[in-house]
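Trainee: I would like to learn how to read a model like this one, feature by feature. Could we go through it together?

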Amino acid sequence: MKKIFLLLYLSVSLFAAQKVVLQLNWKNQFQFAGYYVAKELGYYKDAGIDVEIKEFDFNTDISNVVEEGKADFAVGRSSLIIDKINGKDVVALGAIYQESPMILLTRDDTGINSIKDLKNKRIMLTKDARETASIMAMLFSNGLSKEDVLIEPHSFNLDDLINKKTDAMASYISNEPIRMEDKGIGYKVFDPKEYGFHFYSDILFTSSKFIKKNPKLTKDFYDATMKGWRYAFDNISQTAEIINNRYNTQHKTLLQLIKEGEILKHLAFKKDTPLGYLDKKQLNDIVKVYQVLGIATKDINIDSFIYEYNHPMELAFKLKYKDIWFLLIIFILLLVSLNFILLFISLRNRWIHTQSHLNQTIERQKEKIDRQNKIIIIQSKIAAIGEMLTNIAHQWRQPLNIISLNTAKIETSLLLGHEMKKEEILQISNDINLQTQYLSHTIDDFRNYFNSNMESFEPFNIQDAIKKVNELTKEVFKSSRIETVVSVDDCVITHNENLLIQSLLNIYNNAKDAIVESRVPYKYFFIDVKCDEQKIVIILKDSAGGIDQEIIEKIFEPYFTTKHKSKGTGLGLYITYAIITQHLKGTISAHNVEYKYQGHDLKGAEFHIVIPAKF
């Protein structure tokens with residue numbers, strides 16, 4: 001029997017409503033309408049939650065009630081951000097008001113017509129500077145400091161303003177101005193948001209500890225609360241009656257509650273922003289205001305401050321008369337569209353078959369073009385052998401002369417019967433050895449260039465690649481009296497080094513020919529290479545006077561050349577373009593530039609190459 005009672009007790013406990021406490025940050029009024037509606041219309045009950053709503057009293061410390069366990073949820077202001085910065089466990093579920101109702105209120109017969117007129121005037125503010133930060137920021141932005149105004153403790157008694165015991169009073173735009181109107185007293189409002197200070201208000205919050213322990217309860221409470229607020233703002237008169245009958249501890253009239261609701265509704269919705277939305281940028285802007293005022297000194301992790309379910313972009317469909325006509329038109333269009341669906345289905349298989357055949361044809365054509373491009377690149381290398389042999393001949397001439405002079409020196413000594421010292425013979429042998437190594441290195445460069453594998457992609461240093469190009473061309477540049485100016489970053493990239501060298505050699509040789517043919521007095525060729533983790537930028541520039549604007553767009557076309565047919569095939573720059581764009585996955589462009597170098601006014605063609613750092 002005891003077991004049966006125990007089971008019954010556990011069953012009742014399991015399905016009993018969960019008790020939670022909600023702490024408000026002021027006295028009962030329309031400001032908290034959504035919570036009252038959710039409780040009175042059973043939204044909390046439907047979610048299995050029993051909510052106790054606690055009205056504010058002056059012994060309540062809102063920033064500590066959740067931390068001390070006196071409440072599970074509470075309503076605070078934007079100053080919760082400072083609590084978070086100071087290490088308190090605060091998580092904002094949602095901001096009911098996208099703009100703060102906090103204003104500065106004055107009588108209209110005091111001569112205060114602007115913020116600057118408040119200088120040396122009495123202003124009633126709360127002791128907590130965090131709560132009135134938006135008002136202080138408004139004063140500071142208009143050139144008034146704390147020393148320029150007489151700050152008085154807030155009495156929370158509107159009669160002090162009415163009876164001119166103070167000149168201005170921090171107020172809520174949804175409360176005190178309505179009471180001033182009812183008394184027939186003129187007033188003036190200074191609103192911080194009109195000066196660019198947009199603060200949230202009535203932020204529903206709890207702790208991350210509570211959320212972690214009660215994730216479903218938190219989500220259910222949040223959803224029921226938002227449902228209550230949507231009803232409150234959609235049904236202001238009915239909501240005002242609920243407050244008037246059950247929560248009117250301030251003894252406001254029903255009309256005052258309705259006016260309050262109309263004003264607050266405008267503060268709760270901002271453009272297309274969902275109810276309760278917390279925007280990261282606006283929160284960061286609020287932090288900056290606190291920092292400027294000296295109230296906060298640190299930054300905040302905004303993501304840890306905002307509840308994870310705060311950003312659902314909910315769609316509320318509210319059908320109006322014109323919306324019904326619109327939907328009817330859409331329905332008719334859908335019916336018409338159905339006539340085409342069967343046609344689409346019947347054509348689908350045929351289209352798929354055609355598409356498959358077309359894709360196969362494109363692939364075959366692509367393979368054919370790739371083979372042709374590879375053949376053209378190889379042909380280009382073969383055509384470049386003449387240039388390479390010329391370069392090698394120039395590079396070999398001096399080493400061979402040195403070897404010849406050394407052997408002649410030995411032969412002359414033998415013929416004349418002169419005895420050579422051991423040191424002299426070793427020196428001659430060392431010179432000959434160095435020159436033969438240089439000749440061997442030149443042959444290796446030539447062989448490596450000619451035997452490049454287009455499918456090989458390995459890491460290499462860009463400085464080494466540019467050095468190899470300069471070595472392969474230095475003799476012809478030297479014989480043409482062309483000075484090369486090199487600036488290359490030190491970085492390693494993953495690509496086909498020899499393909500890059502081949503593409504650059506074509507530009508080097510074109511530049512050399514252009515400079516020689518132009519007969520310009522100053523002969524320069526510039527190589528500038530910059531690199532980062534994503535890309536390599538290579539800029540090659542000559543002083544040959546530039547390319548004719550009528551043909552500059554055609555220079556990368558195959559078989560286009562301005563040289564005599566005995567000197568060029570028109571494939572060089574086309575091959576460079578193909579290598580850069582197809583094999584190295586980069587871009588290349590050319591244009592004319594005018595520039596200065598060592599006091600000389602120069603003009604020439606500039607080639608701009610960009611390739612990814614890794615293939």
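Mentor: Gladly. Buried means under 20% relative accessible area, exposed over 50%, and partly exposed in between, with a 1.4 Å probe and protein chains only. By that rule, 44% of the 615 residues in the protein are buried. Keep in mind that this is a predicted model, where local features need pLDDT of at least 70 and side-chain atom pairs pLDDT 80 or more, while totals for chains, interfaces and linings use all residues. Residues are numbered from 1 along each chain as its sequence is written, and side-chain values use heavy atoms, with hydrogens and water left out.

Trainee: How many helices and strands does the protein have?

Mentor: Helices (H or I, at least four residues) and strands (E, at least two) are DSSP runs, numbered from the N terminus. Here there are 19 helices and 17 strands.

Trainee: Which way do the residues of strand 3 point?

Mentor: In strand 3 (residues 73–76), Phe73 and Val75 point one way, Ala74 and Gly76 point the other way, and all are buried.

Trainee: And what does strand 3 pair with?

Mentor: Two strands pair if DSSP finds at least two bridges between them. Strand 1 (residues 18–23) pairs with strand 3 in the parallel sense over 2 bridges, and leucine 22 stands opposite phenylalanine 73. Strand 10 (residues 201–206) runs antiparallel to strand 3, joined by 3 bridges; there, leucine 204 is the bridge partner of valine 75.

Trainee: In what order do the strands of the open sheet come?

Mentor: The order is 7-6-8-5-9, 5 strands with mixed pairing. Strand 7 (150–153) and strand 9 (187–190) stand at the edges with a single partner strand each, so one side of each has no neighbour in the sheet. Within the sheet, strand 6 (residues 122–125) runs parallel to strand 7 over 4 bridges, with arginine 122 opposite leucine 150.

Trainee: Which helix lies across those strands?

Mentor: For angles, axes are lines fitted to C-alpha atoms, for helices over the stretch in contact (heavy atoms within 4.5 Å), and angles run from 0 to 180 degrees between N-to-C directions. Helix 6 (residues 133–141) lies across strands 5, 6, 7, 8 and 9, at about 65 degrees to strand 5 (102–107).

Trainee: What about the surface?

Mentor: Accessible areas come from the Shrake-Rupley method with a 1.4 Å probe; for residues, only the protein chains shown count as cover. The accessible surface of the protein is about 34700 Å², with 55% belonging to carbon and sulfur atoms.
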